[in-house]
Amino acid sequence: AAPAPGRPEALIIEPATEIALVFVPGGRFRMGDTFGDGIENETPVHEVQLDGFYIGRTPVTQAQWLRVMPENPSRFCGDERPVEQVTWEDVAAFIQKVTALNPGRRPVVLPSEAQWEFAARSGGREEKFAGGLAVDRVAWYEENSGGTTHPVGEKAANGLGLFDMSGNVWE
């Protein structure tokens, strides 16, 4: 069913790469190290108000990357694994190519730090890891990954239906 007039679609698929984008309704949240165990640049905790935005349901996979880019820079190869070992310039080129393949549509952009944190926290909830307090349930990390990345979406989603917002690759 189509969304009500004036309401954004809950999920859209970018046609060139087939990246699934989830709509995150805007809201207010406390951004920063709310648990008191982060690093210096995560303080001070402060209130942030955001408008709604779209964000990828998973990190970009290597297959999605290769739909528009000439080569895969990843150390741990696999179509459904996240693309990694990319530079800021690589990501900017990817975004520029995806946007160019979608004339007349809203440009593809990286989320701001506030948007990313709000989405990772399931819309601003008090969650230490994206999806709750049980890290093994929601994230691949040093203790459970075997020293490699894993296909996206294998761990539990957070409250917005987003996967791998904690772990698997460094954001």
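A polar contact is a pair of N or O atoms within 3.5 Å; within protein, one must be able to donate a hydrogen and the other to accept it.

**Before you start**

This is a predicted model. Colour the chain by pLDDT. The mean pLDDT of the protein chain is 91. Of its residues, 92% reach 70 or more. Among the elements, α1 has the highest mean pLDDT, at 98. The lowest mean belongs to β3, at 90. Where pLDDT is low, the predicted coordinates should not be read in detail.

**Stop 1: helix α3**

Select residues 113-120, which form helix α3. Is this helix enclosed or open? Six of its eight residues are buried, so α3 is largely enclosed by the rest of the structure. Highlight the buried ones: A114, Q115, E117, F118, A119 and A120. Now show what covers them. The cover includes β2, β3, β4 and β5.

**Stop 2: the largest nonpolar core**

The largest nonpolar core has 15 residues. Which of them touch the most other members? Select L50, F53, I55, A119 and M165. Next, see where the core residues come from. At least two are supplied by each of β2 (19-24), β3, β4 (46-50), β5 (53-56) and α3. The largest share is four residues, and α3 provides it. There is also a second, separate core of nine residues. Among its members are V68, M69, I95 and V98.

**Stop 3: the aromatic pairs**

Show the side chains of the aromatic residues. How many aromatic pairs are there? The count comes to three. Two of them are on this tour.

Select F29 and F118. Their ring centres are 5.1 Å apart. The ring planes meet at 55 degrees, so the pair is tilted. F29 lies in strand β3 (residues 27-31), while F118 is in helix α3. The pair therefore ties together parts that are 89 residues apart in sequence. Are these two residues buried or exposed? F29 is buried, with a relative accessible area of 2%. F118 is buried as well, also with a relative accessible area of 2%.

Now select W65 and F94. Here the ring centres are 4.8 Å apart. The planes are at 10 degrees, so this pair is stacked. W65 belongs to helix α1 (residues 62-66) and F94 to helix α2 (residues 88-100). The pair thus ties together parts that are 29 residues apart in sequence. Both W65 and F94 are buried.

**Stop 4: a charge over a ring**

Select K155 and W140. The charged end of K155 sits over the ring of W140. The distance to the ring centre is 4.3 Å.

**Stop 5: S122**

Go to the end of α3 and step just past it. S122 lies in the loop between α3 and α4 (135-138). S122 takes a positive phi of about 55 degrees. Is S122 buried or exposed? Its relative accessible area is 5%, which means it is buried, since the cut-off is under 20%.

Now find its polar partners. The side chain of S122 makes a polar contact with the side chain of E127, at 2.9 Å. Turn to G159 next. Its backbone nitrogen lies 2.8 Å from a polar atom of the S122 side chain.

Finally, select what surrounds S122. Leaving aside neighbours within four places in sequence, S122 is in contact with E127, G131, N158, G159 and L160.

Conventions
Residues numbered from 1 in each chain as written. Predicted model: local features only at pLDDT ≥ 70, side-chain atom pairs only at ≥ 80, totals over all residues. Heavy atoms only, no water. Phe/Tyr/Trp six-rings, centres within 6.5 Å; stacked < 30°, edge-to-face > 60°. Buried < 20%, exposed > 50% of the residue type's maximum accessible area, 1.4 Å probe, protein only. Lys NZ or Arg CZ within 6 Å of the ring centre and 35° of its normal. pLDDT = per-residue confidence, 0-100. Contact = heavy atoms within 4.5 Å. Core = buried A, V, L, I, M, F, W, Y, C linked by side-chain atoms within 4.5 Å.
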